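Here is a short briefing on one protein model. It covers a pocket first, then aromatic rings.

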Amino acid sequence: MKPLIFSTRNTNKIVEVSAKLGGWPLSSLNDIGCDADIEETSETLEGNARLKAHYIWDQYKQDVFADDTGLEISALNGEPGVRSARYAGQGRNADDNMNLVLQKLETVFDRRARFRTAICLILNGREYMFEGIVEGHIAREKRGMTGFGYDPIFIPEGNSRSFAQMSIEEKNYISHRGRALQAMKDHLRFVD
């Protein structure tokens, strides 16, 4: 198994991804001593994943992957989308972000939404892109205590529980990030 750098400092993501990749040797930005704030300036999820992965490849010349995820709500014309982490402001506060979504949807009947993750993997200088999507809807209130981000208000299709009411294993099995990671994992098995 090729060791990989996961271009993130988000401990919740690291736990979730490590569980999905099942023992794959991973290092985070903290593990490699990278304290750079890699700006997500692209207008697309794919572009932001690409920026983060290429920064690490350019600086460290080590195999790396990076992701970006957006919550896309039909009634809000795809918002918050690529701005999901900063929807309620630059503070990246998950509660503020969820509260803003719930406020905007307070009187809205159509609560359809989807989570979409883009992963950029760079192996030996070659770039590969993977995508994962999960359809669902926005709950009327926060539910559950696990997960992170918008997990307490997102209910995946075919379920009555939010992502925050599921175990990591349950969420990884059906989630957007889990699906993108599975595609990447399948690719890595093929090239490893």
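The largest pocket holds about 820 Å³ of space. This is a predicted model: local features need pLDDT of at least 70, side-chain atom pairs count only at pLDDT 80 or more, and totals for chains, interfaces and linings use all residues. Residues are numbered from 1 along each chain as its sequence is written, and side-chain values use heavy atoms, without hydrogens and water.

**The largest pocket**
- A pocket is an open set of points on a 1 Å grid over the protein atoms alone, where a 1.4 Å probe fits, with protein on both sides within 12 Å along at least five of seven lines.
- Its volume is the space filled by probe spheres set on the points, joined across faces, edges and corners.
- 30 residues line the largest pocket, and N10, K13, A85, R92 and F148 lie nearest its centre; lining residues have an atom within 4 Å of a point.
- At least two lining residues come from each of α1 (11–21), β3 (64–73), α3 (94–104) and α5 (176–191). Helices (H or I, at least four residues) and strands (E, at least two) are DSSP runs, numbered from the N terminus.

**Aromatic rings**
- The whole structure has four aromatic pairs (Phe, Tyr or Trp rings, the six-membered one for Trp, with centres within 6.5 Å).
- F154 is buried at 0% relative accessible area (buried means under 20%, with a 1.4 Å probe and protein chains only).
- F163 is also buried, at 0%.
- F115, F154 and F163 make up one aromatic cluster.

How values were computed. Phe/Tyr/Trp six-rings, centres within 6.5 Å; stacked < 30°, edge-to-face > 60°. Buried < 20%, exposed > 50% of the residue type's maximum accessible area, 1.4 Å probe, protein only.
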